[in-house]
Amino acid sequence: MNADELLKRYAAGERNFHETNLKEASLREAFLIHINLACANLKEINFALANLRGANLIAAKLKNACLVMTKLNGANLSRADLTFARLTGADMIEANLKKANLSDTKMIGVNLSGASLYAANLMEANLLDACLDNTNLERANLSEAKLRGASLRTANLRNAFLCETNLEGADLSGADLSGANLSGAFLCGANLEGAKLDEAILSGAIHFCVRQV
């Protein structure tokens, strides 16, 4: 199926495109709320500025996809493969990303407040200045991720992996880091006021830095 056919069928009222192959298709700025693209092949697709609110993208293949400024609030992306995807500026409020693969993704300024990223793989993801307030990151792998300047207020990071993660200037106030592995993490300027660190591993973590003038 190509992009034009999908848009025509969607406009006619069809919503179920389960397992559809749309590899490398361009659906920039498309309006596709509540569409079902579960298990679809969406590798290298262009969804920039598209509206995918409430979409079903369970186990969708979105490797190398362009999702810049895409609206994905309330979308279900559980178990989706988003490796190397570009999600800069995307709106993902209350999205379900449980066990999704987001390794090496570019997510600068993304809004993931209230989202579920339980056991998700975010290894080496770029989350500079992202909003993850009240986000569920329990058991998520954030090893070597870039979270400089990110907001993680009241986030659930219980038993999360944050090995060598860059959290410089991040706001972790009220976050639950119980049992989290922060070995080698960079925490210069991070706000940990009211954060829970029971049984957290902090060996080798850098809490302060000396800057040469």
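A nonpolar core, as used in these legends, is a set of buried Ala, Val, Leu, Ile, Met, Phe, Trp, Tyr and Cys residues joined through side-chain atoms within 4.5 Å. Buried means under 20% relative accessible area, exposed means over 50%, and partly exposed is in between (1.4 Å probe, protein chains only). The views come from a predicted model, in which local features need pLDDT of at least 70, side-chain atom pairs count only at pLDDT 80 or more, and totals for chains, interfaces and linings use all residues. Residues are numbered from 1 along each chain as its sequence is written, and side-chain values use heavy atoms, with hydrogens and water left out.

**View 1. The chain as a whole.** Let's start with the overall picture: the chain has one helix and zero strands (DSSP runs numbered from the N terminus, H or I of at least four residues for helices and E of at least two for strands). Along its principal axes, the C-alpha trace spans about 60 × 35 × 20 Å. Of the 213 residues, 48% count as buried. Contact means heavy atoms within 4.5 Å; among contacts between residues at least 6 apart in sequence, 1% join residues at least 24 apart.

**View 2. The largest nonpolar core.** This core has 72 residues, and F47, M92, L122, L152 and L157 touch the most other members. In soluble globular proteins, nonpolar side chains tend to be buried together. Take L152 as a guide: leaving aside neighbours within four places in sequence, its contacts include L132, L137, L147, L157, L167 and L172. Also on the contact list of L152 are D133, D171 and S173.

View 3. T70 sits in the segment after helix 1, which covers 3-11. Is T70 buried or exposed? T70 counts as buried because its relative accessibility is 0%. The side chain of T70 has two backbone oxygens to look for: that of F47, 2.7 Å from a polar atom of this side chain, and that of L67, at 3.0 Å. Both are polar contacts, meaning pairs of N or O atoms within 3.5 Å; within protein, one atom must be able to donate a hydrogen and the other to accept it, and residues adjacent in sequence count only if both atoms are side-chain atoms. Beyond four places in sequence, T70 is in contact with F47, A48, L49, A50, L52, A90 and D91.

**View 4. N36 and its surroundings.** N36 is also found in the segment after helix 1, and it counts as buried because its relative accessibility is 18%. Which atom does the side chain of N36 reach? A polar atom of that side chain lies 3.0 Å from the backbone nitrogen of A38. F17 is 19 residues away along the chain, yet the C-alpha atoms of N36 and F17 are separated by 5.5 Å. Not counting residues up to four places away in sequence, N36 touches R15, N16, F17, H18 and N56.

**View 5. R15 over the ring of Y10.** Here the charged end of R15 sits over the ring of Y10, 3.7 Å from its centre. The cut-offs are NZ of Lys or CZ of Arg within 6 Å of the ring centre and within 35 degrees of the ring normal.

**View 6. Two residues with positive phi.** Most residues other than glycine have a negative phi. R139 has a positive phi of about 65°, and N159 one of about 60°. R139 counts as partly exposed because its relative accessibility is 45%; N159 counts as partly exposed at 27%.
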